[in-house]
Amino acid sequence: MRGLWGRARQRRKPLVVLMAVVGIAGAVLATRDSGGGHLAANQAQLRKACDGTLPYGDLERLVRDERPGKLRQHGTMLAPGQESRSLLDCSLSWGDGYGVTVHAEALVSDVPQAVETRNLLEPAGGHGTFVAPGTTGQYGKRGAWLVTDCLGGLGGRVRPTTDLYVTARVTDGTDGAEEADEADDAGEATAGNGKPDRATALLGFRTAVQVANVLTKAQRCGSGPLAMPKTVVDTDETHGAPGRALRKCEWIDGSSLPGIASGSWTTLGDLQESTGLSACSGEWDAQKSAGKRPRPEEWQVTEVEAASWSGVLGRSAYDSYEREGHVPGWGAQEGESPSEAGSEAGSEADSEADAGRGVRQEDRVSSYAGRPQLALWAQSVCGGRTTYHRVAVFPEIRLEDGETAVIGGKDRARLSTTARTVLDRYLDAEDGWPVSADCRDTKVLGEVEQWH
């Protein structure tokens, strides 16, 4: 019996081996049929996709092998003569949240991003985002965005324009993979939780810059390429407050700037290091001044802001404030001109004489006014481009909810004097943005009371 069973086991061994081999081969074939073996084709697709604008060296590591890449693209760069708002609209996905989406358009209207002073100093509503120093832009809901010039003019639109707007979003499987796949299927870009990790943000900026450089070269813009970002900065103050105490904002000093509360001040500046915009703010530091300086009196200035925007950024910022009714002359009666409209920017000594023009003797400020402030606008030519400047002074007001404060003529005139002093100091600061941008031919446009 033992011999019989032994011979039976020996006869079964070849059969078992054969079944195992067949099983392995079947598994290999099943793997290929289910989506493996696409790496080489996907890499080749990446090189050519989006009119060859993508940075292959940066994005190669994201390419997957499991399934064919899914490409959607259109725009006037791909099909000249095509009616499209976009020079390039392109999305390439490899599934599981891996992909890249880029968009480029010649701007004939405002920048489709918020660029008011607070948006520059406290982006993402104060929650922070990423910027790439030297690149005019931020990381937003649709990824990294930037604005750059094309002095030779951009084609593909009926109206001529010299302003290029580019967005780029890269996903690496960690930023809401399911949302990314759904967005690819819809031909859209979403941002998952809105803020990626640092490496992914850098990939977004490098992709946007590469796309911009390829397009401006193809369009014969006549300007050099943008510098490729090597790092990004997190603007969230919980990450070490990187915007504090920048040299370009050192002119905000409680010991040398007349009209503001004396004592210690804390300054904050944007981190874009852009040739097209800049912003600074300063705030009286109650903690550092405690025991050294008295608490500021009511209507004394305890916070200041200053910002500049050139070219399309200037137009966009001014239009944004205008929609809120916060530009000189907005709502003025016919024949009425804003205070100081069209005057030449002069020295601080001229400010006192200018302050009383067009100022009412008494005004009221409601506790519901948000952040009551007096703003002063000016216009210059900086680096050959029309540039808007806006400074604002914020007075100390002690109000309970529902209360109304009354500002007298003298306090109101002092605010005007301080606003003009802040503007002059900002424009003349040796390490400030206006001097570095070679701003000249400045005219003061007028004041705006933002407390009604």
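The charged end of Arg 47 sits over the ring of Tyr 56, 3.8 Å from its centre. A charge sits over a ring here if NZ of Lys or CZ of Arg is within 6 Å of the ring centre and within 35 degrees of the ring normal. Arg 64 does this with Tyr 98, its charged end being 4.0 Å from the ring centre.

Some bookkeeping. This is a predicted model: local features need pLDDT of at least 70, side-chain atom pairs count only at pLDDT 80 or more, and totals for chains, interfaces and linings use all residues. Residues are numbered from 1 along each chain as its sequence is written, and side-chain values use heavy atoms, with hydrogens and water left out.

On confidence: pLDDT is the predictor's confidence in each residue, from 0 to 100. The protein has a mean pLDDT of 83, with 79% of its residues at 70 or more. Residues 1-34 have pLDDT below 50, and beyond near neighbours in sequence this stretch has 2 contacts in the model; contact means heavy atoms within 4.5 Å. Residues 176-193 are also below 50, with 30 contacts beyond near neighbours in sequence.

Next, the sheet. Six strands form an open, antiparallel sheet in the order β1-β2-β3-β7-β6-β5. Strands are DSSP runs of E, at least two residues, and helices are runs of H or I, at least four, numbered from the N terminus; two strands pair if DSSP finds at least two bridges between them. The edge strands, each pairing on one side only, are β1 (70-74) and β5 (137-140). Strands β3 (residues 98-106) and β7 (residues 161-172) pair over 9 bridges, and Val 102 has Ala 168 in β7 as its bridge partner.

Now the rings. Rings of Phe, Tyr and Trp (its six-membered ring) pair if their centres lie within 6.5 Å; planes under 30 degrees apart count as stacked, over 60 as edge-to-face and the rest as tilted. The count comes to 9 aromatic pairs. Trp 145 and Tyr 165 form a tilted one, 6.3 Å centre to centre with 40 degrees between the planes. It links strand β6 to strand β7, 20 residues apart, and both residues are buried (under 20% relative accessible area; exposed is over 50%, partly exposed in between; 1.4 Å probe, protein chains only).

Trp 309 and Trp 377 are stacked, at 6.1 Å and 25 degrees. Trp 309 lies in β11 and Trp 377 in β14, so the pair ties together parts 68 residues apart in sequence.
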